[in-house]
Amino acid sequence: QVRLLESGGGSVQAGGSLRLSCAPSGRTFVTRPMGWFRQAPGKVREFVAAIGSGGKTTYYAAPVEGRFTISRDNAKRTVYLQMNSLKDEDTAAYFCAQNRNAVPTTAAQDYEFWGQGTQVTVSS
């Protein structure tokens, strides 16, 4: 079992930036592709970004492409989501997750372990 802990959420005005972090707790952790998802009230959880184990392969959802950047520091066992030019519609709980496969994917069912989420609120 892998427990993931997100941090870095908060409230920001539209146009601002936030950086989310995700790190595992405990000693048992296998370097696997990671992803970020988000869920707004009353909406289904949606894919935001994914990154391969080595950090070279990345995927983004269309609404965040060009504004968000996913990265990872394997030495620190941490995955980041840099969010710039935030919009009202980015308001959601953001979750990091570890993929069970060897390659990054965009489907939530491919992710085995999930964090509890961190809230991002963007106001105009």
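Buried here means under 20% relative accessible area, exposed means over 50%, and partly exposed is anything in between, using a 1.4 Å probe and protein chains only. Phenylalanine 37 is buried, with a relative accessible area of 1%. Tyrosine 111 is buried too, while tryptophan 114 is partly exposed at 26%.

A quick note on the model: it is predicted, so local features need pLDDT of at least 70 and side-chain atom pairs count only at pLDDT 80 or more, whereas totals for chains, interfaces and linings use all residues. Residues are numbered from 1 along each chain as its sequence is written, and side-chain values use heavy atoms, with hydrogens and water left out.

Now the rings. Rings of Phe, Tyr and Trp (its six-membered ring) pair if their centres lie within 6.5 Å; planes under 30 degrees apart are stacked, over 60 edge-to-face, and the rest tilted. Searching the whole structure turns up four aromatic pairs, including these two:

| Pair | Centre distance | Plane angle | Type |
|---|---|---|---|
| Phe37–Tyr111 | 5.0 Å | 75 degrees | edge-to-face |
| Phe37–Trp114 | 5.0 Å | 55 degrees | tilted |

Both bridge distant parts of the chain: Phe37 sits in strand S4 (residues 34–39) and Tyr111 in strand S10 (residues 111–114), 74 residues apart, and Trp114, also in S10, is 77 residues from Phe37. Strands are DSSP runs of E, at least two residues, numbered from the N terminus. Ring pairs tie Phe37, Phe47, Tyr111 and Trp114 into a cluster.

A charge sits over a ring if NZ of Lys or CZ of Arg is within 6 Å of the ring centre and within 35 degrees of the ring normal. The charged end of Arg45 sits over the ring of Phe95, 3.8 Å from its centre, and Arg45 also lies over the face of Trp114, 4.9 Å from the ring centre.

Terms used
Helices (H or I, at least four residues) and strands (E, at least two) are DSSP runs, numbered from the N terminus.
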